[in-house]
Amino acid sequence: LAFLTGGMIWSSYGHLGEGLMRAKTALDIASEIENHHWMAGAYYSLGEAYFALLDYNQALEVLEAGLKVARPQGSAFWTGHFIATLALACGTVGNFQRAELLLEEGLPQGQAPHNVHERRMVWVRAELALMQRKPEEALYLAETLSNSAPGQMRERPIPMLLKVRGQALVMLGRFKEGCRLLEEARRAAHELGACVFLWQIQCVLVHVYLLYKKRVYAHRELGIAYKMLDELANSIDEGEQRERFRSAARSRLPSVRPLTSKQAAKESFDGLSEREREIARLIVLGKTNREIAETLVISQRTVGTHLEHMYAKLNLGTRAQLTTWAISKGLGE
């Protein structure tokens, strides 16, 4: 039992090699003593480990075998979890028809979830909707999950729901709102130590910033994603498995052209342009909008517009806060 649960926990927390080893050991032990209930759990643990390793063919094979073991046991818990993860794996490789058939077996569409494995099936449906570019459906399913959550769960951020909502809103063109939720999802996943899911959110952020032509931010997030990727890959002891994971992970990340010196400078100042940095310097010197306009030979209205953009980029609300930020960046020197 310790190896069974350990496989899932170690994989989820980013120790991919350890998770795979423990899951395999759990299956060997459960098979040797012919404990079919533990065999089902071990198959599930192993399937999750392969899924985390991005080895979807192995994950599908193991999860299919585990589902055959779980069904005769009459365990709704294990059968439901197998159906959910297997459906997600099918969707990931593009077999949406098989995924939907599985979910209909586990929880017919429109039926409210009442337990943890049924809630997982609804979440998988939302992820499949995102894969098929159906953001409205994904948002509806996320709302269904929120409404069905136990009271204590509603009081804390759930990274999986935040990620679904954020990604769906971005697809609907609500970029700022969607990115805010994705950032919240990343923070919540980080606090939980859910390294694998954290990396998935990171990949989404890279693609989102590229989609909206925010190359400076995309470049920054891509660097973070590669750092996470290396940490996950280094947790895999077996060389061939490690390189397969690294290759599969890299294929999920886009290539971003290197930043120019101008773009790099902009990135180091949280996205502020050269003109905006000039305005920040003058604000540190105590200049009014009128004095800034005269110094830069622009209108006061243009200065006001620049300030609005600066506040939005830096998530600030007052001139005093902007002054403090500028000083911390060395713009007052």
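How do the axes of α10 and helix α12 cross, and within what distance do they come? In this predicted model, the axis of α10 comes within 11 Å of the axis of helix α12, residues 195-211, and the two cross at roughly 15 degrees. Angles under 35 degrees count as roughly parallel, and α10 and α12 are therefore roughly parallel to each other. The crossing in which α10 passes α12 is left-handed.

Let me turn to the residues that form this contact. On the α10 side they are P159, M160, K163, Q167 and V170. From α12 come F197, I201, V204, V208 and L211. Sorted by class, the contact of α10 with α12 comprises eight nonpolar residues, one polar residue and one charged residue.

Helix α10, residues 159-171, also has helix α7, residues 116-131, beside it: their axes come within 10 Å and cross at roughly 25 degrees. That angle makes α7 roughly parallel to α10. The crossing of α7 and α10 is left-handed.

Which residues of α7 meet α10? They are R120, W123, A126, E127 and L130. Their partners in α10 are M160, K163, V164, Q167, A168 and M171. By class, this contact of α7 with α10 has seven nonpolar residues, one polar residue and three charged residues.

Most residues other than glycine have a negative phi. Against that background, V297 has a positive phi of about 60 degrees, although V297 is not a glycine. V297 lies in the loop between α17, residues 289-296, and α18, residues 300-314.

Is V297 buried or exposed? The relative accessibility of V297 is 71%, and exposed means over 50%, so V297 counts as exposed.

The second case is N315, a residue other than glycine whose phi is positive, near 60 degrees. N315 is found in the loop between α18 and α19, the latter spanning residues 319-328. With a relative accessibility of 70%, N315 counts as exposed.

To close, α10 is roughly parallel to α12, and α7 is roughly parallel to α10.

Note on methods
Residues numbered from 1 in each chain as written. Predicted model: local features only at pLDDT ≥ 70, side-chain atom pairs only at ≥ 80, totals over all residues. Heavy atoms only, no water. Axes fitted to C-alpha atoms, helices over the stretch in contact; angles between N-to-C directions. Helix = DSSP H or I, 4+ residues; strand = E, 2+ residues; numbered from the N terminus. Parallel < 35°, antiparallel > 145°, perpendicular 65-115°, else oblique. Left-handed = near helix turned anticlockwise from the far one by under 90°. Contact = heavy atoms within 4.5 Å. Nonpolar A, V, L, I, M, F, W, Y, C, P; charged D, E, K, R; others polar. Buried < 20%, exposed > 50% of the residue type's maximum accessible area, 1.4 Å probe, protein only.
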